[in-house]
Amino acid sequence: MLFRSDRRGARAVFALGIALIAVGSGLFLLITPDREWLLFAARMVQGVGQACMFTAGLAWSVQLAPASRRGQAMSLFGLAVWAGLTLGPLAAQFLLDHQGEGAAEWFMLIAPALGLLSMIGIAASPIPPDRVPIRLPREAMRPSLGLMAGAVVMATITGFAVLTFDQRSDGGGAYVIAAYGAATFVGRVAFGHLPDRLGSFASGAIAFVLALVGVAIIGVAPSWQVGLVGGAICGLSWSQLFPALGLMAVDRTPGPQLNSAIAIYTAGFDLGTLLAGFTLGYVANASGYGSVYALGAAFAVVGLGIVLSMRSSTGAHAHAG
């Protein structure tokens with residue numbers, strides 16, 4: 001599926017992803033006590049569909065946007081994903097509480113069907129000629145590693161803020177996470193154009209510096225009120241980090257491999273999440289929660305180094321669009 005988006009076009013793979021999500025959701029309606037294996041199958045189908053939808057949707061957004069607004073397109077697409085992850089569980093829980101399990105399951109089937117209908121009238125992305133060779137876009141590797149480092153930094157907040165401030169004070173870690181989420185939302189809406197204006201390398205470097213500052217503040221914060229500042233700074237960092245690194249992957253990759261480059265790039269987030277689960281948990285158990293934020297700061301420095309290495313390898317000029 002990595003290269004199919006380059007061959008068939010991002011729109012087709014995006015539609016396939018939503019259709020697979022709908023199929024996986026439909027399997028929930030067939031689950032019975034003697035067919036519990038369908039739960040595993042449903043989740044697997046949904047997972048493949050989500051991967052297709054997210055990767056192809058991001059590529060499609062980039063291809064439809066003017067060259068000077070690609071970063072903003074990435075910001076808004078990411079914001080749409082955040083909105084879905086926020087509103088979807090709320091809607092499903094409301095139906096589960098007030099209408100029963102069946103209504104929630106039907107909602108999971110109807111929602112992707114509406115997603116398919118929403119595609120009507122949207123232009124398809126360009127499809128390169130078949131003679132274009134298929135290859136792994138190595139140019140996207142370092143942006144992907146940068147995203148992996150950023151994902152580890154952000155996992156220190158979402159994974160440990162509640163535990164940290166439960167231990168240090170009378171709780172309040174949820175407010176730190178809320179500040180992180182709110183700042184991400186505001187940053188995407190208000191400052192989503194900055195990677196296009198400042199350039200992807202400058203925005204990426206600023207984002208990692210903000211991540212370093214934010215996670216350091218949380219690491220030493222005696223109370224959640226102080227940690228709130230760090231959470232907000234990290235949210236602003238993430239709002240810029242994702243589109244800035246994405247632009248680096250896009251700008252460094254030949255056009256015919258753009259979709260595959262985005263697939264490689266977004267895989268960095270999954271790798272970062274996997275890495276964070278092992279490393280942060282081990283460090284927390286071995287050395288305490290304060291060490292988690294020290295490790296997060298180290299990953300912010302690594303990410304900054306990756307960004308600076310890409311700038312030095314491509315010269316002083318780097319156009320964001």
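Predicted model: local features only at pLDDT ≥ 70, side-chain atom pairs only at ≥ 80, totals over all residues.
The crossing of helix 10 with helix 11 is right-handed. On the helix 10 side, the contact is built from W238, L241, F242, L245, G246, A249 and V250, while helix 11 contributes L258, A261, I262, Y265 and F269. Sorted by class, this contact comprises eleven nonpolar residues and one polar residue, with no charged residues.

Nonpolar side chains also turn up on the surface. There, a patch is formed by L29, L30, W106, I110, L114, L117 and I120, whose accessible area together comes to about 710 Å². One of these patch residues, L114, sits in helix 5, which covers residues 101-118.

Attention can then move to Q72, a residue of helix 4, which runs over residues 70-98. Beyond its neighbours within four places in sequence, Q72 is in contact with G192, H193 and D196. As for A10, which lies 62 residues from Q72 along the chain, the C-alpha atoms of the two are separated by 18 Å.

Notes. Residues numbered from 1 in each chain as written. Heavy atoms only, no water. Patch = residues over 30% accessible without salt bridge, like charges linked within 9 Å, V, L, I, M, F, W, Y side chains within 5 Å. Areas by Shrake-Rupley, 256 points an atom, 1.4 Å probe, with all protein chains shown as cover. Salt bridge = Lys/Arg side-chain N within 4 Å of Asp/Glu carboxyl O. Helix = DSSP H or I, 4+ residues; strand = E, 2+ residues; numbered from the N terminus. Left-handed = near helix turned anticlockwise from the far one by under 90°. Contact = heavy atoms within 4.5 Å. Nonpolar A, V, L, I, M, F, W, Y, C, P; charged D, E, K, R; others polar.
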